[in-house]
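Take a look at the model below.

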Amino acid sequence: MVMKFSLLPWKPELVFTGLSIMGVNPQNLKFCSHVDIWDSIQNNEYFSLEGLVEVFKQLRYYKTPDIETPSYLVLKKTANYEVRKYPPFSVAEAKGEKLTGSSGFNNVTGYIFGKNASSEKIAMTTPVFTQASDDKLSDVSIQIALPMNKDLNSLPAPNTEAVTLRKVEGGIAAVKKFSGRPEEEIVAKKEKELRSQLLKDGLKPRKGCLLARYNDPSTKDFVKRNEVLIWLNDFALE
């Protein structure tokens with residue numbers, strides 16, 4: 001279930017996944033009861049304090065720029081993370097130094113701002129991804145997603161070998177959202193917490209992770225939207 005809470009100025013989107021159980025009266029074949037069980041809470045009683053806390057958690061304000069972002073579908077929302085399905089998307093990518101660093105950022109932004117074979121300016125998107133492809137989170141690249149109306153065959157070639165264009169195949173990712181300044185120790189802690197929870201829940205996380213940073217450095221830390229993503233293997237809804 002997805003709904004926008006329009007009473008607040010930032011209109012937060014509330015997401016609940018789980019199970020709906022409908023009771024049917026065998027005499028008239030009409031529904032006579034309805035129980036929702038949320039994945040994000042343990043106490044699913046009608047007046048659940050835990051459920052109320054979960055609603056208030058989702059009302060929290062994260063500043064998300066009003067520009068294009070890779071689309072996704074939330075398959076499951078637990079108390080600790082979301083499981084999302086991402087369709088394929090294209091990125092401009094350069095070598096980075098660390099997950100929270102900006103090395104390579106000027107290369108990929110230079111590409112979309114016109115430093116390419118046709119001097120074409122390409123619309124900026126959010127977030128900026130940094131991807132670590134190894135267990136030690138040391139083999140890092142920085143990526144900017146390209147608009148969905150662009151495909152690799154129609155994009156101009158980069159002017160520098162420092163930038164490559166490639167297609168991200170998409171798939172199923174577990175995501176942990178947090179605010180504040182995404183410093184290296186904090187991100188490593190969030191990745192460790194997420195991976196531990198996934199293993200505890202019987203899921204199969206791949207090695208490495210992505211850090212998604214949605215905001216520019218001037219954004220106040222307490223409203224920044226940051227996410228750690230870990231791709232999953234063999235995910236299936238129960």
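What follows covers a helix first, then a strand and its partners.

This is a predicted model, in which local features need pLDDT of at least 70, side-chain atom pairs count only at pLDDT 80 or more, and totals for chains, interfaces and linings use all residues. Residues are numbered from 1 along each chain as its sequence is written, and side-chain values use heavy atoms, with hydrogens and water left out.

Start at helix 1, residues 49–58. Helices (H or I, at least four residues) and strands (E, at least two) are DSSP runs, numbered from the N terminus. Gly51, Glu54 and Gln58 are buried here. Buried means under 20% relative accessible area, exposed over 50%, and partly exposed in between (1.4 Å probe, protein chains only). The three cover an arc of only 55° around the axis, so they sit on the same side of helix 1. That arc is taken from the directions from the helix axis to the C-beta atoms. Leu49 and Phe56 are exposed, on the face turned away from the buried side. The buried residues pack against strand 2 (13–15), strand 4 (31–38) and strand 5 (73–77). Contact means heavy atoms within 4.5 Å.

Now turn to strand 14, residues 226–233. Seven of its eight residues are buried, so the rest of the structure largely encloses strand 14. Two strands pair if DSSP finds at least two bridges between them. Strand 11 (residues 171–178) pairs with strand 14 in the antiparallel sense over six bridges. There, Lys176 stands opposite Val228. Strand 13 (residues 209–213) is also antiparallel to strand 14, over four bridges. Arg213 faces Asn226. Strand 12 (residues 204–205) pairs antiparallel with strand 14 over two bridges, and Lys204 has Asn233 as its bridge partner.
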